[in-house]
Amino acid sequence: MAGKARRATLQEGRETRPTGFPNITSPGSLDRLIHERLRLGIVSALASGGPLAFSDLKKLLSTTDGNLSVHARKLEEAGYVACTKSFEGRTPRTEYKLTPSGRRAFEKYLDHMEALVHAMRKGS
Amino acid sequence: MTKAPPALHERALDNLRFIRETMERAGSFTAVPGRGGMAMGVTALAAAAIAALQPTESRWLVVWLCEAALALALGAFASDRKARRAGHALFEGPGRRFLFGLVPPLLAGALLTAALARSGAVAVLPGLWLLLYGAAVVTGGAFAVRIVPVMGSAFMFLGAVALLGPAAWGNVLLAVGFGGLHVAFGYVIARRYGG
């Protein structure tokens with residue numbers, strides 16, 4: 001069951017256009033790339049904590065190597081995060097950073113969530 | 001404009017909560033100031049050199065107490081600046097977790113210092129300072145990047161050496177700890193975790 005859900009979110013990610021949703025209350029306009037829980041976690045952590053190493057991000061979001069690298073790659077492909085790989089002595093070090101376009105997408109997503117909450121408050 | 005169904009609204013609230021919690025955790029993760037630590041290390045090295053030249057124990061003590069006050073001010077200033085840069089106030093933002101973990105062992109150290117200095121047991125002070133400062137950094141850094149509690153443990157180890165080893169090592173161990181460890185770990189934190 002978990003596998004099925006995972007596949008579903010991955011497919012959602014693939015179809016997504018990374019930027020722009022004119023109508024805030026239409027579900028189709030939601031930035032699905034950020035909407036997925038772990039990816040939302042990655043973007044939130046980078047927005048607040050600055051650049052973070054793979055291992056720190058893993059600890060912070062209490063997830064696995066595989067899960068984190070899959071979702072981080074999706075964000076990287078969309079241009080939301082930048083990834084730098086370097087060596088520290090012999091151990092490789094991967095560091096993630098939010099790009100300006102990633103920050104804009106995150107802010108847009110926040111606005112979107114706030115608008116949803118606001119619309120509900122006004123409606124009730 | 002269509003009304004959002006309750007489920008959507010609930011999920012939006014839940015998402016906002018999740019974002020907030022994650023940002024807070026990530027912030028406290030890197031709130032420890034690296035460059036501030038390096039500055040504290042440099043002043044400690046200078047203090048160790050000056051303290052070693054003092055003819056009496058009480059003058060030696062005064063030098064280190066001045067250094068403690070200076071380091072405290074530097075640390076507070078650097079933490080505040082780092083918090084501000086991340087868009088938080090020092091005591092409202094994520095850095096408060098670090099500070100509140102840091103304060104109780106430091107307070108215990110200050111009181112023990114007063115009591116021991118009064119009874120003339122100055123020789124145990126270097127070990128006590130290193131041990132309790134280390135404990136403070138370990139507890140304060142429990143939620144921070146791993147390097148912070150590791151630095152605290154290194155301080156505690158030096159404290160143990162100072163308490164169990166010959167009293168003559170005290171001043172050198174203070175230089176190694178408050179000077180060396182601060183500069184080395186501060187450099188790594190500044191490079192990797194935003195200043």
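The following questions and answers examine how the terms used for this predicted two-chain model rest on its computed values.

Residues are numbered from 1 along each chain as its sequence is written, and chains are lettered from A and ligands numbered from 1 in the order in which they are written. Because this is a predicted model, local features need pLDDT of at least 70 and side-chain atom pairs count only at pLDDT 80 or more, while totals for chains, interfaces and linings use all residues.

Q: What confidence does the predictor give to chain B and to the model?
A: The pLDDT, which is the predictor's confidence in each residue from 0 to 100, averages 88 in chain B, where 91% of the residues score at least 70. The model scores ipTM 0.72 and pTM 0.67. Where pLDDT is low, the predicted coordinates should not be read in detail.

Q: Which helices and strands are assigned in each chain?
A: Helices (H or I, at least four residues) and strands (E, at least two) are DSSP runs, numbered from the N terminus. By that rule chain A has six helices and three strands, in the sequence pattern α-α-α-β-α-α-β-β-α. Chain B has seven helices and zero strands, which gives the pattern α-α-α-α-α-α-α.

Q: How do you know that the span of helix 6 of chain B agrees with expectation?
A: The expected span is 1.5 Å times one less than the number of residues. Helix 6 covers residues 147–164 of chain B, so its 18 residues should span 26 Å; the end C-alpha atoms are 26 Å apart, which agrees. Helix 3 of chain B, with 29 residues, reaches 42 Å from its first C-alpha to its last, close to the 42 Å expected.

Q: Which residues of helix 6 of chain B are buried, and what puts them on the same side?
A: A residue is buried if 20 or more other C-beta atoms lie within 10 Å of its own, exposed if 12 or fewer, and partly exposed in between, with C-beta atoms placed from the backbone. In helix 6 of chain B the buried residues are Val148(B), Met151(B), Gly152(B), Phe155(B), Met156(B), Leu158(B), Gly159(B) and Ala162(B). They cover an arc (of the directions from the helix axis to the C-beta atoms) of only 160° around the axis, and therefore lie on the same side of helix 6 of chain B. Their cover includes helix 5 (125–140) and helix 7 (170–192) of chain B.

Q: Why is Ser62(A) called exposed?
A: Ser62(A) counts as exposed because it has 7 C-beta neighbours inside 10 Å. Ser62(A) is found in the loop between helix 4 (54–60) and helix 5 (65–77) of chain A.

Q: What makes a set of residues a nonpolar core, and which residues have the most contacts inside the largest?
A: A nonpolar core is a set of buried Ala, Val, Leu, Ile, Met, Phe, Trp, Tyr and Cys residues joined through C-beta atoms within 7 Å. The largest has 42 residues, and those with the most contacts inside it are Ala44(B), Leu130(B), Tyr133(B), Val137(B) and Phe155(B). Helix 5 of chain B gives the largest share of this core, 10 residues. Apart from it lies another core, of 28 residues, among them Val43(A), Ala78(A), Tyr80(A) and Tyr109(A).

Q: Which residues does Leu130(B) contact beyond its neighbours within four places in sequence?
A: Two residues are in contact if their C-beta atoms, placed from the backbone, lie within 7 Å. With those neighbours left aside, Leu130(B) is in contact with Phe155(B), Leu158(B), Gly159(B), Ala162(B), Leu173(B) and Gly177(B).

Q: How do you know that strand 1 of chain A is paired to strand 3 of chain A?
A: Two strands pair if DSSP finds at least two bridges between them. Two bridges join strand 1 (residues 52–53) to strand 3 (residues 91–98) of chain A, and these strands run antiparallel. Leu52(A) stands opposite Tyr96(A), and Ala53(A) stands opposite Glu95(A).

Q: Why are strand 1 and strand 2 of chain A called edge strands?
A: The open sheet of three strands in chain A has the order 1-3-2, with antiparallel pairing. Strand 1 and strand 2 each pair on one side only, which makes them the edge strands. Strand 2 (residues 81–88) pairs with strand 3 of chain A over eight bridges. These two strands form a hairpin with two residues between them, and Gly89(A) in the turn has a positive phi of about 70°.
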